[in-house]
Structures are given as structure tokens and as C-alpha cells.
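This briefing goes through one structure by topic, for a reader who has the sequence and the coordinates to hand. Please keep the structure open while reading, so that each residue can be found as it is named.

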Amino acid sequence: MDVICFAYPERLFLLLALLPLAGVLGWGVWRKFRAGKLLADDKLAESLFGGWSVRREVAVRLMQFFAAGFLLAAWCGPRLCSGEKLVRREALDIVYVLDVSNSMLARDLVPDRLGRAKQELLRISRGIDRGRRGLVAFAGSAVVQCPLTSDQQAFETMLSTLLPDYVEEQGTNVNEALDVASDMLSARNREEGTAGAGIVVLVSDGEHHEGAFSGEARKLKKKDLRFIVIGVGEEKPVTIPFQGEAGASDSVKRDAEGGVIMTAFRPALLGRLADEAGGAFLHSSNAEPVSDKVLEALGAIEADKRWVREPRYREEIYHYFVLASVLLLLGAGFVEHSADFDS
């Protein structure tokens, strides 16, 4: 039996916006009806407002309401799914931990450090056809941007949206980020009863990691989690582009005293972090991306197998929702302006 499922169920909360929209549309109909009653009697109102009627106005607003609903539902990625099948997959799960602090906007790499980091993670994720992937973003705090999933499209969408302002608290709290990633992989083992391979891939420029991070790194080693650190940037200090309001006079970030803030890649700190966890450190530069090396290392990892449930058949149907929305809007416009012809 076919059912509708969603590629991005986390967006379904946007449908709540239909509640205030219904209130606004209903208030508009009531206001127009009340204005007509206050200005004139029914016969005079008909001559003043033409063929306007409450029924016609309600029909127009209902079509506009459902058009908005279909458009919001389309953004959630509706799919036609039928049945489920058990598939034996390798229990290889990777959590990508991405630094989104302001220093990652430095342009010593093309297009910038953050852009290069996303390119590396995208190539790595696309090059692995087994297991699941998750995404943690961190600056002064850490958040789960994408839980562990086998849906590559969903992962890529979450990765593409990451910017420094996604994490409100700035800084570089690598301890919390590693702790969140570790918990994601540990929860996976508890829930599914599998001891499959868990891997943490950290991408950062190493700025402001001087704190005591060895404790979290050693926890990864104790939990038998593999650890790969990818450094992005160049060691020569560079400025950080200013991401303020449009039209701001400053083009680079400055401190409280007005001095220009400089940032430099810190390979020694990242290398030490990798050593503490018994992992590997790789440097991604303009001349040498490292995604191929990471894929080679990941390809050599053997993982246990597990049974997972997947839909037998999935078909994207968001375009039908968009079409329904457009047709409803066109219908609303036709019904609304047909009153002019009736008069």
C-alpha cells in the first residue's frame, strides 16, 4: 500500500504557519463583509461593490489557504513510499564535525575555509556507499545539524545551509562538539545492539583550540571510535571578512579597540588532537585536497552487518504539490476577478 512520507520531516513544523494564515484570511473576509453592511444596505452594496458576495470571498480565501498549505508541504519533500524491505547494511556510521566559527570565513583557501571544508565533506560522503552519516556544527557550542541517516540528499541539504550565524555562540568549543558526536555514535550502538564501526571526522582551522581537549579525544579512543582530523587554511595570517549589515563601512572583522583581527591555520594543535585520540591528521590546501586519502582510509575499515528497514519504492511527488498550489492560486485569481465581469 502506497503512503506519503517526507524526505525532510523536520520541516513539517512549518505547517503550523497555516494557523495564523487562516486567522488573517478569515479576518479579511469578516472585515470586508462588515464594511459593506456599515456603508449601505444590500441593494446599494451590490451596486457599489459589484458582484461581490460572501460565498465568493470565502471560496477565494480557502483556495489561497490550501495553496499555501500545498507549497509548504512541497518544501518538506513529499514522496510516495510503498511497503518496507529488510536490507543487510554495513554498520559503518560517520559523524562529520564541522567548525563554523567566524575564522572559517577567511579566504586563504578558495572560496574560503568553510567552503573548502564543505567540498571535502561532500566528496567524502558521496564516495561512501555504505552505512549512515550525521553532521554536527560547532563554534562556541555544538548542535546536531543532521542525525544519522542513510539519505544522502538530506545530508547534503543540511550541509549546504551551514554558516557561522547558524551557531549563535561564537568561539571554538571542540570539546562539546566531540562529546555530541560521541554520544550520537554510542546511542546508535545501544539502540541497535550493534558494535559496528563508528567514525568521527573533524574539520577545522585549529583556531582557539588551546583549551584542554585531550580528555574528549581520549574518550573517542576508549570507545573504539576512529578519528580523522582535516585541517583547512594556510599558516600565513589573514583577515576575516566582516559579515555585518549591508552597507557597513568595515570589510574585515575588528576587535573592541578597532584593531584588525587576524587568523592563521594551526596544524600543530590539530595534529596533537588527532594523536590524543589515536587518529590521523590531514591538511587540506589549495594545491592538495584530502578527500581521496580519507576515502582510501575509510574503505579499509571493516564493519559488522545489520538489518535495516527501507521503503521498497520511493518516488518524489513534490512537483504535484507545487502544481496544485499554482492551480489553486490561478483559480483564486479567476474567481476573484470574475465578479468584475458579473457586474
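In this predicted model, helix 8 is followed by Gly-278, a residue whose phi is positive, near 70 degrees.

- Although Asp-275 and Val-229 are 46 residues apart in sequence, their C-alpha atoms are 9.8 Å apart in space.

**Backbone features in the loops**

- Most residues other than glycine have a negative phi, and most peptide bonds are trans.
- Asp-224, a residue other than glycine, has a positive phi, near 60 degrees, and is found in the loop between helix 7 (214-222) and strand 7.
- At 57% relative accessibility, Asp-224 counts as exposed.
- Val-110 and Pro-111 are joined by a cis peptide bond, with omega at about 0 degrees, and Pro-111 lies in the loop that runs between strand 3 and helix 4.

**The chain as a whole**

- The protein chain holds 10 helices and 11 strands, and of its 343 residues 44% count as buried.

**Nonpolar cores**

- In soluble globular proteins, nonpolar side chains tend to be buried together.
- The largest nonpolar core has 33 residues, and the members that touch the most other members are Tyr-96, Leu-98, Leu-135, Val-201 and Leu-298.
- At least two residues of this core come from each of strand 3 (93-99), helix 4 (113-126), strand 4 (132-138), helix 5 (152-160), strand 6 (198-204), strand 7 (226-232) and helix 9 (291-299), and helix 4 gives the most, with 4 residues.
- Leaving aside residues up to four places away in sequence, Leu-135 touches Tyr-96, Leu-98, Val-143, Val-144, Gln-145, Cys-146, Phe-155, Met-158, Leu-159 and Leu-162.

**The cavity**

- A search of the whole structure for cavities of 30 Å³ or more finds 1, and the largest cavity holds about 30 Å³ of space.
- The lining of the largest cavity is made up of Ile-94, Tyr-96, Ser-125, Ile-128, Arg-130, Gly-131, Arg-132 and Arg-133, and the elements that give two or more residues to this lining are strand 3 and strand 4.
- Sorted by class, the lining has 3 nonpolar, 2 polar and 3 charged residues.

**Aromatic pairs**

- The structure holds 3 aromatic pairs, one of which is formed by Phe-65 and Phe-66, whose ring centres are 5.4 Å apart and whose planes stand at 80 degrees, so that this pair is edge-to-face.
- Phe-66 counts as partly exposed, at 44% relative accessibility.
- Another pair is that of Tyr-96 and Phe-155, whose ring centres are 5.4 Å apart and whose planes stand at 50 degrees, so that this pair is tilted.
- This second pair links distant parts of the chain, since Tyr-96 is in strand 3 and Phe-155 in helix 5, 59 residues apart.
- Both Tyr-96 and Phe-155 are buried, and both are among the residues that Leu-135 touches.

- Val-335 is found in helix 10, which spans residues 318-342, and it counts as partly exposed at 22% relative accessibility.
- Where does Val-335 make its contacts, once residues up to four places away in sequence are set aside? Val-335 touches Arg-56, Val-60 and Met-63.
- Val-335 and Met-63 are 272 residues apart along the chain, yet their C-alpha atoms are separated by 9.8 Å.

Technical notes
Residues numbered from 1 in each chain as written. Heavy atoms only, no water. Core = buried A, V, L, I, M, F, W, Y, C linked by side-chain atoms within 4.5 Å. Buried < 20%, exposed > 50% of the residue type's maximum accessible area, 1.4 Å probe, protein only. Contact = heavy atoms within 4.5 Å. 1 Å grid on protein atoms, 1.4 Å probe; cavity = no way out; pocket = protein on both sides within 12 Å on 5 of 7 lines; lining within 4 Å. Points joined across faces, edges and corners; volume = space filled by probe spheres on them. Nonpolar A, V, L, I, M, F, W, Y, C, P; charged D, E, K, R; others polar. Phe/Tyr/Trp six-rings, centres within 6.5 Å; stacked < 30°, edge-to-face > 60°.
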